[in-house]
Amino acid sequence: GLMWLQQGEGGSGLRHTCEQGDGLSRYGWLQHDGESFGVQELQDGKLWLRTEFVKRPGGEHGGDWSWRVTARLKGTDGPAPLLSLFFYVATDGQGTLEPHLENGTRLAAVTGATEELGRFTLTFLRPTAGSSQEPKFASYNSLDAPSPGLHRLSELVRSSLRGHFSFAPPGRPRRRFLGVVATAAPPGSGPQGRLLLHQVTLEPPATLEVTFESGSVAERPGRLAGRALTEALEQHAAAFERRFEETFGLERKGFSAPERRFAQAALSEMLGGIGYFHGHSLLRSPLQEQPVPGPEAALFTAVPSRSFFPRGFLWDEGFHQLLLGRWDAALSREVIAHWLDLMNAEGWIPREQILGEEARSKVPPEFLLQDGETANPPTLLLALERLLPAAPTAFLRRLFPRLRAWYEWFQRTQAGPVPHSFRWRGRDPEPERFLNPKTLASGLDDYPRASHPSAEERHLDLRCWMALAARVLAAVAERLAEPAEAFRAAEQALSDNAELERLHWAPELGAFADFGNHSAAIELRWQPAAPPAPGRPPAPPRLLREVREAPRPRFVAALGYVSLFPLLLQLLRPDSPRLPALLDAMRGERQLWSPFGLRSLARDSALYGRPNTAQDPPYWRGSVWVNINFLALRALRGYAEAEGPQRERAARLYRELRHNLISNLFRQYSQSGFLWEHYSDSTGRGQGCHPFAGWSALVVLVMAEDY
C-alpha cells in the first residue's frame, strides 16, 4: 500500500485509507479494466498524485506487476514543499518477508513468500525527475515492525514519526522533515504479521516505481519498469479505450470526449473498488444477549463507496453487477457466486458484510450486529437475469440449490398477513424515537411506512421483488430441466394485476401503497426529562414522537418510489388502467418529477424532507437516487416498446428523464470531481457520501441505453 505526507502539515496530514474527512478535492480511478491495468488520480490541496499499475501474466502465481506513482504540484511559488511517500508491505497472519537495506536506511527490496503468491521480490526503484528518467535527490527512512492489522497501520506510522531528520540536497539549504523511526506498537494491538515500510522524502515533481516479480516466472522479457512500463501502460490504455467503446458505444451515440471520460471514470471507480474480504460477521442471537460470531467467510465484491461504505451490501451488489456483468460477465459471475456462498443453512444472507476487524473499524456500533430474520431486496437476481442467456450451465447448476434456498427463506420468513402479501421484518424496535420507524431491510431505510409497525403490514416493494424472484428462479430451473411449475405459478399469482390492486391500490391516494397500522398525524416534540434525583444533574430533554391521531389499519399515504414498484419491475400490463396514474405521478412537478431525476418522495407528501430524529436527516424522503431512476428508465423503455395506449407517453418520459439524469450527474462530476450517493431534488447537488461509484455508476448503462 501507499501513504503520503506533505511535510509542514505535521503527522495529522498523513493520508492512507480513503476518508471523507481528509477533504481531498478529488480522487478516483480514471481507467481500470478490473484485472490487469489501472490509472488513478488524487488531488490533495496543491499536490497531484497519479498512480498507475500493470500486471503481466506468467508463472503459476499470477505473474508480475509494476506500480508507478507520479507526484507534481500545481500553483506553488518558491521552493516546492517536501513530500514523503510511504510504500509498505505487510503480512496479515501468514507468510514471510525479508528486508534488503542499502546504507542501513533505504529499503531497496523485499523478498518473501506466501501460500497464494509463492516466492516473490518487491523492488523499490530510486525516484526520477519524471519522463527524463534523471535521478532525483531523496532522503530515505525505513521501518520494520510487527503489523497490528491493516486498520491500525496509519496509527502505527503516525506514532513512529519524529522531526529530527534533515533533507540536504548538494548545494542547497538543509530542511527538517518528519521521518519514521522504530517505536513501540500501538497500545492494544496484537501483532498479526510483519510490516516493512519504505519512506521516500523529496521535492516534487518526481516519479517512483515499484516492481513485483513472481518467483515462478521462468523467462521474463525484462523488468517491467521505466520505458517498458510506459509502453505497457500506453498499450493497456489504448486497449481499455477500444473495449469501452465496443461495450458501451458512447462515441457512436454522440457523447463528447469529456462525457466519455466521465463514464469511463464511473465504471473504473466501481472496478477499482472491488475487494476481497475475509473474517466473520457478528450476529444477534435470540438465545443469548452477547453477539455470536458467524462462520468464517470470504467475499469478493464491489463496494458502494471506498471512503464511507468500504464493504459489501447485499442489495447494492445486484445493481453493481448490472454494470459489471456488461463489462466482464465472468467477473460478475464470480462475485455473485461469492455472495451466494455466504448463505447459512436456513437460506439467509446477511444484508451487510462486516467481515473482520478491519471492516468493523469503519462501522458505527449500532450497525454491527446482523439479524437472521432481516432480509434485503434480492437484486442479485436482476443481474443474474441479465447474465442468464450466456451463463455456463455448470455455473447455474452450482448456483441453483442456493437460489432455491434463498427464495424459500423469503417465502418462509417474510410472508405477510394474507396470501400473496409480504412484510419486511426488522423494523426499528423503538418507534417512539422516530418520526417514522426505519425499515433498513427494504434498502429504503427511512422511506415512510406504516407509523406503527405490526404483523398486519403489507409491503408493496417486497411483493414486487418476490414476483421478480419467482420469474428468475423459473427461468433458471427451465434452463436446467429442473421442476419449474411452482415458480411459474408464484410468478403468475404475484404478477396478477387484479390481485395487486386488491392488496395495494389506495383509491384515496390514486396510487399503489403499503398497508398497515398507520397514523397520519405524528410530530417530533422535545420532551422534558423526569426530575433528577437529589444531587444529580438534570437529564437533557429528548426528542420523541407525539401521536395526535390514533393509528388504524389503512393504506400509507406516501407517494414515492415504493408506489412505483409495480411499474419499476414491469409487473403492470401495458394496458393497465393504473399505468396512467403512475405516469402522472412520475411527471408531476409537485410529486416525483425534478429537473435532475425522479425524487424519492413526492413534494406534497407529509414527510417530504422531514428528519427522522434529531440526528437522522432525511435520506429517502425527496433526494434523487440513481438506482431507482435506472429501474424507472428501464421500465419506461419497456413500456415504450410494448403495444399499449401509453406507449408514446412512456417514450416521451423516457427521453426527458434520461436527459435530466445524465446531464446532472455529468455536471456534478465536472464541478465536484465525484459521483455521489444521492442528489438534491431542488439543486441537483451531490449529497451523502462520496465518491459513490456504487449504483450511481449505472449512469454508464443509461448513457449506453443498455438496460
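1. Which residues have the most contacts inside the largest nonpolar core? They are Phe87 and Phe248, in a core of 190 residues, where a nonpolar core is a set of buried Ala, Val, Leu, Ile, Met, Phe, Trp, Tyr and Cys residues joined through side-chain atoms within 4.5 Å, and buried means under 20% relative accessible area (1.4 Å probe, protein chains only). Helix H9 (residues 460–479) gives the largest share of this core, 14 residues, helices being DSSP runs (H or I) of at least four residues, numbered from the N terminus.

2. This is a predicted model, in which local features need pLDDT of at least 70 and side-chain atom pairs count only at pLDDT 80 or more, while totals for chains, interfaces and linings use all residues. Residues are numbered from 1 along each chain as its sequence is written, and side-chain values use heavy atoms, with hydrogens and water left out.

3. Tyrosine 561 and tryptophan 620 form an edge-to-face aromatic pair, with 6.2 Å from centre to centre and 75° between the planes; rings of Phe, Tyr and Trp (its six-membered ring) pair if their centres lie within 6.5 Å, and planes under 30 degrees apart count as stacked, over 60 as edge-to-face and the rest as tilted. Because tyrosine 561 lies in helix H12 (residues 561–568) and tryptophan 620 in the loop between strand S29 (597–598) and helix H14 (626–641), the pair ties together parts that are 59 residues apart in sequence, a strand being a DSSP run (E) of at least two residues.

4. Tyrosine 561 is buried, at a relative accessible area of 0%, and tryptophan 620 is buried as well, at 1%. Both belong to one aromatic cluster, whose members include Trp315, Phe319 and Trp695.

Notes
Buried means under 20% relative accessible area, exposed over 50%, partly exposed in between (1.4 Å probe, protein chains only).
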